[in-house]
Amino acid sequence: MVLANPTGTWTADDGAALYGLDRWGEPYFRVGAHGQVMVHPRGERGGSLDLVELVKELQGRDLSLPLLIRFDDILEDRLERLNTAFERAIAQYGYAGRYQGVFPVKCNQQRHVVEQLVETGRRWHFGLEAGSKAELLIALSLLDDPEALLICNGYKDQRYIETAILARRLGRRPVVVIEQPDEVERIIAASSELGAAPYIGIRAKLSSRSTGRWGSSVGERAKFGLSIPDVLASVEALRAAGLLEDLRLLHFHIGSQINDIAVLKDALQEAGQIYGELTRLGAPMGYLDVGGGLGIDYDGSSTASAASTNYSLQNYANDVVATVGECCEPHGVPVPTLVSESGRAIASHFSVLVFDVLGAGALPGAVPPTADDEPLILRNLRDTLAAVERTGADAGDPADPVSCEPLQEAWNDALKFKEDALAAFRLGYLSLPQRASAEQLTWACCQAIASRLEALPLGTPIPEELQALAAALAGTYYANLSVFRSAPDTWAIDQLFPVMPIHRLDEKPSRLGSFADLTCDSDGKLARFIDRGQAKPLLELHPLREGEPYWIGLFLGGAYQEVMGNLHNLFGTTNAVHIRLADDGRYSVKHVVRGDTNAEVLQAMEHNPDQLLERLRIASEAAISRGSLAISDARRLMAHLRASLAQTTYLEG
């Protein structure tokens with residue numbers, strides 16, 4: 001269970017520390033004096049919003065929970081921090097080149113998001129990366145800066161390549177990255193057909209291996225990239241076709257969410273040498289794309305765990321700049337313009353998903369009334385409970401290694417009597433109500449023992465079995481969201497995101513629990529939570545209060561979650577809103593994106609809502625004719641159905 005601070009008084013700062021807000025939240029999320037989460041969209045530059053008050057006001061605008069709140073100022077701040085970090089590193093190491101990043105559209109394809117990034121990044125000529133024809137169309141329509149790069153990755157057919165070539169004539173700067181050996185001939189054929197060529201890049205498979213969740217996706221067996229023999233063959237094919245002068249970029253990628261900076265250094269050294277060799281082979285080059293992988297610290301531990309990083313943004317920029325410079329300058333190779341495809345590091349922080357708790361389930365721990373003819377098994381359980389209750393808070397002496405012995409003995413007895421009760425029920429000696437009483441008494445013993453364990457002095461040795469009682473008493477909190485729609489990585493790859501109440505942080509949480517979502521799927525749950533470099537199965541939570549909402553925030557989910565979510569149980573997108581902080585401390589709602597209605601998700605599955613209504617109208621008329629449905633009830637049924645089609649897929653009050 002939750003331990004109080006040494007003074008015995010719980011404060012908002014204790015709440016922030018418990019959930020790691022003071023670690024992973026900097027500089028955008030902090031705790032307010034009254035225990036609510038405060039959002040600082042501009043970081044240290046000032047200005048803040050009370051997240052709880054913001055949610056209340058957005059509800060007043062008819063935006064129901066779950067609600068995805070996007071803070072455009074955070075997106076802008078992340079982009080500025082990335083570019084500033086490289087500018088500092090370039091100045092520190094006297095690097096003769098520059099940095100020019102791109103945002104991978106696959107990370108978040110929402111129109112308002114990509115538009116904001118393009119507009120904000122204009123001063124750095126920040127570009128986009130496309131991994132499909134659809135993403136290429138997005139990038140071509142939005143990226144109108146002739147100096148910004150358009151990195152073209154992914155599988156490419158002839159139409160894809162020809163589109164990129166024509167885009168160069170349009171005044172864009174597309175770089176078609178060769179990721180499969182057979183793409184070379186398609187580039188040559190398309191260039192011959194159109195009498196022009198795109199800028200060309202080559203993605204190399206490095207021998208350097210990554211670590212963490214995506215470590216197996218790179219190396220010699222990687223899905224994309226050319227082996228060194230294929231790189232050389234491609235160079236010669238381009239030379240023979242007269243296209244070597246268009247080879248301008250070397251690309252590599254060593255996995256998403258790089259957690260250990262040492263892995264990046266090895267890859268940079270290898271890529272730096274390959275880049276130098278390509279220039280010596282006669283390619284003009286000019287750009288080195290270090291790919292994605294710039295990680296973020298989800299759990300605030302600053303370690304090389306899967307949910308963290310052992311480096312900062314500035315460390316990353318320093319190592320990229322310094323290592324590439326060391327590879328090129330001693331050999332007289334002009335240093336390249338440095339490119340990165342940092343999507344996670346740019347987009348993760350800017351959105352917060354807020355959802356409400358609909359209710360909470362708990363174990364049956366109420367003590368049942370005593371019956372006159374109670375069997376011995378139940379009397380034994382009542383005696384065990386009475387013995388626990390007689391055990392005072394002073395049952396343990398910190399100096400006594402067996403101070404918990406009475407509590408351990410009581411728990412062993414309770415478990416044995418419960419098993420006896422189950423055996424007696426199976427044999428027909430206990431009734432169903434008596435079995436229910438046995439379960440209630442067992443959990444009452446568990447609660448009483450856990451309560452006395454909390455009262456023991458700090459440092460008291462507690463047996464392992466008794467340490468697990470708090471988890472055994474954990475409750476299930478029913479959340480108004482779909483994990484598969486809004487946080488699919490928690491289900492698919494066990495990704496950890498910070499999850500916490502956005503209010504009541506100045507109140508000591510007294511329960512442990514996990515979240516079950518609205519879907520009828522046992523995997524629809526949040527049951528892994530951050531805990532300083534590792535995961536814990538339960539989260540400290542507050543008891544629900546009658547008539548009061550309990551709001552939970554899922555943070556750092558702005559990358560990938562929105563675009564990878566699915567329609568499990570036909571739960572669609574949530575309402576989303578873009579918030580901008582004004583200079584006077586107020587905020588403005590820049591964009592409102594309404595979540596999917598039931599009609600829209602039905603149409604996505606090729607169901608016709610009008611036809612559905614007509615079928616049900618016919619069925620109701622038949623029921624009226626049979627006399628089983630009144631006309632007034634039929635009217636109400638059809639009104640409910642029409643209203644449901646127009647409503648969001650999530651539960652409303």
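Me: First, is Phe29 buried or exposed?
Reply: This is a predicted model, with local features needing pLDDT of at least 70, side-chain atom pairs counting only at pLDDT 80 or more, and totals for chains, interfaces and linings using all residues. Residues are numbered from 1 along each chain as its sequence is written, and side-chain values use heavy atoms, leaving out hydrogens and water. Buried means under 20% relative accessible area, exposed over 50%, partly exposed in between (1.4 Å probe, protein chains only). Phe29 has 0% relative accessibility, so Phe29 counts as buried.

Me: And how do the rings of Phe29 and Phe555 pair?
Reply: Rings of Phe, Tyr and Trp (its six-membered ring) pair if their centres lie within 6.5 Å; planes under 30 degrees apart are stacked, over 60 edge-to-face, the rest tilted. Here the centres are 5.1 Å apart and the planes sit at 70°, so the pair is edge-to-face.

Me: How many residues apart are Phe29 and Phe555?
Reply: Helices (H or I, at least four residues) and strands (E, at least two) are DSSP runs, numbered from the N terminus. Phe29 is in strand E1, while Phe555 is in the loop between strand E21 and helix H20. The pair links distant parts of the chain, 526 residues apart.

Me: What does helix H10 reach from its first C-alpha to its last?
Reply: H10 covers residues 261-280, which is 20 residues.

Me: Which residue follows H10 with a positive phi?
Reply: The phi there is near 110°. That residue is Gly282.

Definitions and conventions:
Expected span 1.5 Å × (residues − 1).
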